Amino acid sequence: MTLEKALQIITGNQEDDEAEKFLKFLSEKLWGLYNTYVMDKIKMLDGDLKWDFTIPNAKENIVYNQTVPMPQVVSRQSDDVELVDVEAILLNVTGLDEEKHGLKLEVAPDGKSFSITGTPNLDAFRKEGAVAESTFELILTYKFVGSIKMPPERPTLEHKMLFVINQDPRKLWRNIPVDWENMPEHKYKNDDTQVEYVKVEALADGTPQKDIVAASKRGRSHAQEGKPRDDYFRMEHMDNGWYIMAVADGAGSAKYSRQGSKIACDESVNYCMSKLGQSKAFEDAIGNYVNLQELSEENARRTVGNCLYDIVGNAALKAHKAIHAEAALTKQPIKYYATTLLLTICKNFRFGWFVASFWVGDGAICLYDRNAHTAKILGVPDEGEYAGQTRFLTMPEIFKDATALYQRLRFCVVKDFTALFLMSDGVSDPKFETDANLNNPNKWDALWNDLKENGVELTDDNEASKDQLLDWLDFWSPGNHDDRTIAILYEGEKKEMCDIPEQQECGEIEIQNE
């Protein structure tokens, strides 16, 4: 049968105009039915696409590179010849912008996958202090190709997927200024940061001396609530060679602990300076201890211990009394001024370094020698009745008797050392995690490397180190957001030292028998 005969049968004996109208109607009707048929097939195919996978979350400020494949077509009708060679091809992906999100979307040339690359950043969503959104919607535009053709009225399909950029935890913290004008009556105003560098000039023969650098920074937890910094430090180098360093950590729950920590440092350092200004008898006792001249080791140690009790122990006691006097003056409970105190004095003699300490509370004091791979902890961190608690200088039991005070004093003599560290628990907790780790030299090696690798140049005559150390205190440690304070007495260059008897080790001071 010819096509002409077929058309004659379909149109009958109608006039040409009517026959043409009929054919147009029939064509539109049949094409509509066919497109409906095709769309049914496409819907079936689309329903079989396995979108049940997730895209790994990105992390803000961390490089991200992920390729996401298009799902495979799996037909329910394996005997349907029309669906054998059909596949889904990706045409476009939207939802992320390289300028706005820091991530670039790119479809593979074959349309079988797309990639998300870049370093995500959400700062564009933090306008006026708002918390940035972190979940975004990706829109995938695709089509089916092969034996099934997409109908003109529906040339593409869309699928929506969620993509998450985990926010940098550091960006979640706010930095709210302290509202000093509306603080309670006793403001005790202080700064959010404190830095100092003490340059000690070289000896007449050119031998460099150890310098001191210290920095203190308001913790994120304080900044988040607009609260003041409670830590404080004080350090001095005297003309006669004595170094004095103090670090105090005011209790976060104590209303005026920032003043307690300041009083503790200032009073204890001032008292030590007054006693060490005329220190010949003390220095003679140290010399006798080292050389064991005219005395047994036990008696020599006891004599040095008594001197320390008079100087360092009384310095702590003076600070304790000064805080109590301030509380009485302001008619506030003494617990409002609760603070820890780490106090050290040291001096370089011809036979080596004499180092002594007083320690109440948490944090750490360490005499670190990188070359010898040693870390001497000059005291014992105080632990309270519950986890996270400690003891404070303001507590009466600290000075209840001579035994209690003597147990908090330490001294030792060493040939040399790399650094003497004093730090509040805002530094020791994240860097050491446990009290046991404080005695691990490897941990102190790691801290020393950490400082150097992150821009703190502990070199001779480097005043910039105080700001470098302050920047370093901004390190990130999940769950550790307290005030941070660290003071470091560190070496310039190595020099030859004479031998010291091996028995001069750190230890508790024996109490002088009455």
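Analyst: R484 is found in strand β18, residues 484-490. Strands here are DSSP runs of E, at least two residues, numbered from the N terminus. This is a predicted model; local features need pLDDT of at least 70, side-chain atom pairs count only at pLDDT 80 or more, and totals for chains, interfaces and linings use all residues. Residues are numbered from 1 along each chain as its sequence is written, and side-chain values use heavy atoms, with hydrogens and water left out.

R484 is buried (under 20% relative accessible area, 1.4 Å probe, protein chains only). R484 has no salt bridge (a side-chain nitrogen of Lys or Arg within 4 Å of a carboxyl oxygen of Asp or Glu). The nearest side chain of opposite charge is D474, 5.6 Å away. Lys and Arg count as positive, Asp and Glu as negative; His and the chain ends are not counted. The R484 side chain does reach the backbone oxygen of N480, at 2.8 Å.

Leaving out residues up to four places away in sequence, R484 touches A215, S216, K217, R220, D231 and D474, among others.

Now the nonpolar side. I488 touches residues including I212, V213, L420 and F421, again not counting residues up to four places away in sequence. The largest nonpolar core has 52 residues; L420, F421, W444, W472 and I488 touch the most other members. Such a core is a set of buried Ala, Val, Leu, Ile, Met, Phe, Trp, Tyr and Cys residues joined through side-chain atoms within 4.5 Å. Apart from it lies another core, of 50 residues, among them C265, C272, L276 and A356.

Technical notes
Contact = heavy atoms within 4.5 Å. Helix = DSSP H or I, 4+ residues; strand = E, 2+ residues; numbered from the N terminus. Polar contact = N/O pair within 3.5 Å; in protein donor to acceptor, adjacent residues only side chain to side chain.
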